[in-house]
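This note is for a colleague who is new to the structure.

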Amino acid sequence: MHSSKCYLVPIDLHNESQFNEIRRQRIICGWDSDLQTLQDWKGKENIKRLFWITISQPSAGNETIRAGHISLDASSGLLEPDIAPENRTELSISSFFILPEYRSLGLGKRAVKLVENVATTERFGNPRYRFITLTALSKRYVYDEAPEWRGVWAKLGLSPPSVSIQKWYEGLGYVAWKEEPITEEKGIDGQVILLWEAFMRKDLQSNIDIEAS
């Protein structure tokens, strides 16, 4: 299965079976899983481009498997907040999820590489786009033993993650330039806890230069 081809297929949220599958995966993910949010995505297809992360299964006659999904969104304004959306040169990765049973296959890195390529193609992106942006939970929640960092998991009633998603993106060439407390979670005592997110970016132009050299 490790050698199976991984590719992106646009998601049609108006197709009932595809809508039901994206809802199933979002429920497993635990983020943006409520029905109203997913219904609202149907009206945002020009700014939120969802793709299935698909693989083939040779043992089942090359059956296509929807192993997860990823979204390449129109500019979030993270890098260029004062520039009109039509003039921005960034896109953002969001709604990125791999089903647990396929996480050992290295699909995440392959999917990010594919979506970076999509960002600079005419159908879903534009050659003028320069940056991919995203937010990732601060790596301090994995590596810093202070009560406000790694210690926050006890307040949430959860075990600390073994892998930092920020560190994972750093391995793919993404760089953080600031952190802010923007994600709300409710602690076991009912108190709202704001989690710090790292704002990250990757220069697509440098990626093109490396491939051309």
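1. Does Cys-29 count as buried, partly exposed or exposed? Cys-29 is partly exposed, at 21% relative accessibility; buried means under 20% relative accessible area, exposed over 50%, and partly exposed in between (1.4 Å probe, protein chains only). Cys-6, at 10%, counts as buried.

2. The model is predicted: local features need pLDDT of at least 70, side-chain atom pairs count only at pLDDT 80 or more, and totals for chains, interfaces and linings use all residues. Residues are numbered from 1 along each chain as its sequence is written, and side-chain values use heavy atoms, with hydrogens and water left out.

3. There are zero disulfides in the structure, a disulfide being a pair of cysteine sulfur atoms within 2.5 Å. For Cys-6, the closest cysteine sulfur belongs to Cys-29 and lies 17 Å away, which is too far for a bond.

4. The largest nonpolar core has 33 residues. Such a core is a set of buried Ala, Val, Leu, Ile, Met, Phe, Trp, Tyr and Cys residues joined through side-chain atoms within 4.5 Å. The members that touch the most others are Ile-93, Tyr-102, Tyr-169 and Tyr-174.

5. Elements that each supply at least two residues of this core include strand S1 (6-10), strand S4 (90-98) and helix H3 (107-119). Helices (H or I, at least four residues) and strands (E, at least two) are DSSP runs, numbered from the N terminus. H3 gives the most, with six residues.

6. Beyond its neighbours within four places in sequence, Tyr-169 is in contact (heavy atoms within 4.5 Å) with residues including Ile-93, Val-112, Tyr-174 and Met-200. A second, separate core of nine residues includes Tyr-141 and Trp-153.
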